[in-house]
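Let's take a walk through this structure together, moving from the overall architecture to single residues. Keep the 3D view open as you read.

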Amino acid sequence: MILASLAGDVLVWVVWVVAAIALLASGFAVVLFRNPFHSALALILNLGSLAVLYLLLSAEFVAAAQVLVYAGAVMVMFLFVIAYLGGRADAPWASSQAAVRVAAVVTCVVLLAEVVLVIALDARDGLSSAAEITEGFGSPRELGRLFLGDNLLAFEVSSLVLLIGAVGGVILGATVRRGEVEE
Amino acid sequence: MDGTALNQPWWIDLLKAAVVINVFLGVVAYATLIERKLLGRMQLRYGPNRAGPFGLLQPIADLVKMVRKEAFAPAAAADLLYIVSPLVAAFTALTSFALIPWGPVWSIGGYDVTGWVADVPIGLILLFALGSLGIYGFIVGGWASGSKYSLLGTMRTCAQMVSYEVSLALSVLGVVLMAGSLSLVDIAVRQQETVWFAGPQFIGFLVFFVAGVAETNRAPFDLPEAESELVAGYLTEYSGMRWGLFQLAEYANVVMLSGLTVTLFFGGWGGPGLPGPIWFAIKLACVLFVMIWIRATLPRLRYDQLMRFGWKVLLPVATLNALVTAILVVAV
């Protein structure tokens, strides 16, 4: 029994290391590839590795939803647009303005600081609430209860943000089409 | 079946997985023969009848032919992605069948043997997730071929998948609400206790089946590989066993979709008299027959018809079905 649980621990550790390395490598690949299609594929790998990490955190539903929605549906649209533009699509860094680059670097530094802070707190036992995995943790039922019960306002606000994005996309698309000459 | 203690050691699982993947591969191979035979009969021809009695050895002859053929690639496509794509498509298609239950729990010699390889609490979502990864095989393969026909096939695949995936996912929401679970085993068991969901969820079933036929790129939704316009779409530059793997993935998806239809709407392995796997096989064969029948009967849609039908007919109907079911489930 002890041997089996040890083997399980080693397996979890190996999966974690592989997923973490894949996550970092694919993240760098997204911004370093010259070809936007390759960047998009690296992003799929990135989202997939993230799903594996969710799985290790016992969040099965979130992991599957991550693959289905982000790695699946959303990225298909990315690939569609990149394939549609053909050679006219730019590499991720190519056309960005200086302000965008500065903002990206600042965001990354902030996130890095946050990660370092959390690790430091954890090392000194400064995090008060220990993780507690209950029976139905990560199940769709529990997740639904959180979304539509405890965090209803945040859930509805985020749905509003998505709706605004969708409406904005339609409006932008419609104006472009009106400007076009009928062939 | 949430964690109820099953006395099933790991080697039984391994054995079952080996049996299931091989039977599944056999079914997929012979689905091609059945399709060609039936299409032949429906068009007043014989279909393949030269290899073995009644042409029964045709799939094996095809396999030998494909393996021995040279797998050449266009100069513009000599790329890792070009080689990996068929593998991705075939792998995800074959993996997904592990989630389909085909029998009850038997106790043999003190051990419990389940009629499924894996029962996950979120089986249905996992199945869709695998499917959504599998289409990358087709999309990337077409793009990496470096050919205009392939690229057009890729574009059509993207647009069609995105359009019909939403309806497909929404159409099963009614079933999930009625079963109260995302586990395929639970859904099948629930139907055996009550009624086949094809009855109360008839509209959901229709939407699911139509969207499913579209998702598997079969006629009348086979625009990504429309031979009269695009040569063979994303398949154009593939040959030999790489082409064979794409075909394998397509037929595996068809068989998987039939299995999913049986599980979600026709009570899975349930039925009187005969053992579970036999009932499952009978139902699977019926759904497969209908899919071949549709291919032989209906002409291909035009591209704008395809898009309009997906977004303006199928999606609203699927949404309405999910909404009405939700209200009824809560009210009753």
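Predicted model: local features only at pLDDT ≥ 70, side-chain atom pairs only at ≥ 80, totals over all residues.

Residues are numbered from 1 along each chain as its sequence is written, chains are lettered from A and ligands numbered from 1 in the order in which they are written, and side-chain values use heavy atoms, with hydrogens and water left out.

Start with chain A. Chain A has six helices and zero strands, where helices (H or I, at least four residues) and strands (E, at least two) are DSSP runs numbered from the N terminus. Read from the N terminus, the elements of chain A follow the order α-α-α-α-α-α. Chain A has 183 residues, and 20% of them count as buried; here buried means under 20% relative accessible area, exposed over 50%, and partly exposed in between, with a 1.4 Å probe and protein chains only. Among contacts in chain A with a separation of 6 or more, 59% involve residues 24 or more positions apart, a contact being heavy atoms within 4.5 Å.

Now for the helix pairs. Two packed helices are described by the angle between their axes and the distance between the axes. The axes are lines fitted to C-alpha atoms, for helices over the stretch in contact, and angles run from 0 to 180 degrees between N-to-C directions. Angles under 35 degrees count as roughly parallel, over 145 as roughly antiparallel, 65 to 115 as roughly perpendicular and the rest as oblique.

One pair joins the two chains: the axes of α2(A), residues 36–56, and α4(B), residues 123–144, come within 12 Å and cross at roughly 160 degrees. These two helices are therefore roughly antiparallel to each other. Their crossing is left-handed, which is the term used if the near helix is turned anticlockwise from the far one by less than a right angle, with clockwise being right-handed. From α2(A), the residues F37(A), H38(A), L41(A) and I44(A) meet Y136(B), V140(B) and W143(B) of α4(B). By class, the residues of this contact comprise six nonpolar, one polar and no charged; Ala, Val, Leu, Ile, Met, Phe, Trp, Tyr, Cys and Pro count as nonpolar, Asp, Glu, Lys and Arg as charged, and the others, Gly among them, as polar.

Within chain B, look at α5(B) and α12(B), the latter spanning residues 303–331, whose axes come within 8 Å and cross at roughly 15 degrees. They are therefore roughly parallel to each other. The residues of the contact of α5(B) with α12(B) divide into 14 nonpolar, seven polar and one charged.

T157(B) is buried, at a relative accessible area of 0%, and its side chain reaches the backbone oxygen of G153(B) at 2.6 Å. For T92(B), the setting is helix α3(B), residues 80–95. T92(B) is buried too, with a relative accessible area of 9%, and the side chain of T92(B) reaches the backbone oxygen of V88(B) at 3.0 Å. Leaving out residues up to four places away in sequence, T92(B) touches L130(B), L133(B) and G134(B).

Finally, the loops of chain B. Beyond its neighbours within four places in sequence, F197(B) is in contact with residues including V175(B), M178(B), I187(B), F202(B) and L264(B).

L44(B) sits in the loop between α1 (10–42) and α2 (58–68), and F54(B) is also placed in the loop between α1 and α2. Phi of L44(B) is near 55 degrees, a positive value in a residue other than glycine, and phi of F54(B) is likewise near 55 degrees. L44(B) counts as exposed at 82% relative accessibility, and F54(B) is exposed with a relative accessible area of 66%.

Technical notes:
Polar contact = N/O pair within 3.5 Å; in protein donor to acceptor, adjacent residues only side chain to side chain.
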